[in-house]
Amino acid sequence: MGETIPFKNLHSREYTGHKKKVHSVAWNCTGTKLASGSVDQTARVWHIEPHGHGKVKDIELKGHADSVDQLCWDPKHADLIATASGDKTVRMWDVRSGKCSQQAELSGENINITYKPDGTHIAVGNRDDELTILDVRKFKPIHKRKFGYEVNEIAWNMTGEMFFLTTGNGTVEVLSYPSLRPLDTVMAHTAGCYCIAIDPMGRYFAVGSADSLVSLWDISKMLCVRTFTKLEWPVRTISFNHSGDYIASASEDLFIDISNVETGRTVHQIPCRAAMNSVEWNPKYNLLAYAGDDKNKYQADEGVFRIFGFDNA
């Protein structure tokens, strides 16, 4: 049993700046910066002090011509981030300057992006179920593959030897990497699998499904260990905390569930005002960033996200 956190004493803070709704939030490898990607065609980067107060400076990354749907930080470099947009480009930014340093034109509207844990490759998925692997240094495609089924979220395991795709058929397709040869098909759910998270300790992966369940899988045996059943709507986003003790999951239910990975029990629920698009735990501290379809009192999109876990409001 890992650490126990006094969740009920912790608070959320709200971060405003985007002009339209926030699709995606992601922490850098040192846990000091959070990036947000929005329908307003920008990403923003915020410097977050885990125990800090007061105003937070943010910088804007401008250049995409469509919604910034997903972003991911270089796992080995705290100032480099890649963004995927509906404008068919993937861009690399250095957040110290706020400038775009690399750009790749791909063939479709990009909806998914993830880094290989060693920082050498980026995988990008688009709306046409096509996977592109980019070599990070040259920023050029080295693999392209179109799948004959709906591909939702994608992820590498911690060693980078396995590549996972969640599908609309309720399966998780496991490919070896770099060959992309099929290793296994995990029959995970009775409805589409939307999201996947890899336990930072390398023991498990978790899958969120349209059937409202989150399943936890032993990565070495490819067996289901337990399911988390608190949500009632399709699971859109899941994340393990840095120690692998807790898993957060969210949907159109008006709360984010935080459960103990080993017992399967809910330890806390964070109330929210709208369906959630993205939850992500900080890699060093127990801070959970979350963003959803928030609207203001005039029913216009609000470009906000929040971070839960501060010991002062």
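**A chat about a strand-built model**

Visitor: What share of the contacts with a separation of 6 or more joins residues 24 or more positions apart?

Guide: In this predicted model, such residues account for 44% of those contacts; contact means heavy atoms within 4.5 Å. Local features need pLDDT of at least 70, side-chain atom pairs count only at pLDDT 80 or more, and totals for chains, interfaces and linings use all residues. Residues are numbered from 1 along each chain as its sequence is written, and side-chain values use heavy atoms, with hydrogens and water left out.

Visitor: How many helices and strands are there?

Guide: The protein has zero helices and 28 strands. Both are DSSP runs numbered from the N terminus: helices are H or I with at least four residues, strands E with at least two.

Visitor: And how much of the protein is buried?

Guide: Buried residues form 58% of the 313, where buried means under 20% relative accessible area with a 1.4 Å probe, protein chains only.

Visitor: What are the spans of the C-alpha trace?

Guide: Along the principal axes, the trace spans about 50 × 45 × 35 Å.

Visitor: New topic: where does aspartate 69 lie?

Guide: Aspartate 69 belongs to strand β6, residues 68-73.

Visitor: Why is aspartate 69 called buried?

Guide: Aspartate 69 is called buried because its relative accessible area is 10%.

Visitor: Which residues does aspartate 69 contact, beyond neighbours within four places in sequence?

Guide: Among them are His23, Ser24, Asn110 and Arg127.

Note on methods:
Buried < 20%, exposed > 50% of the residue type's maximum accessible area, 1.4 Å probe, protein only.
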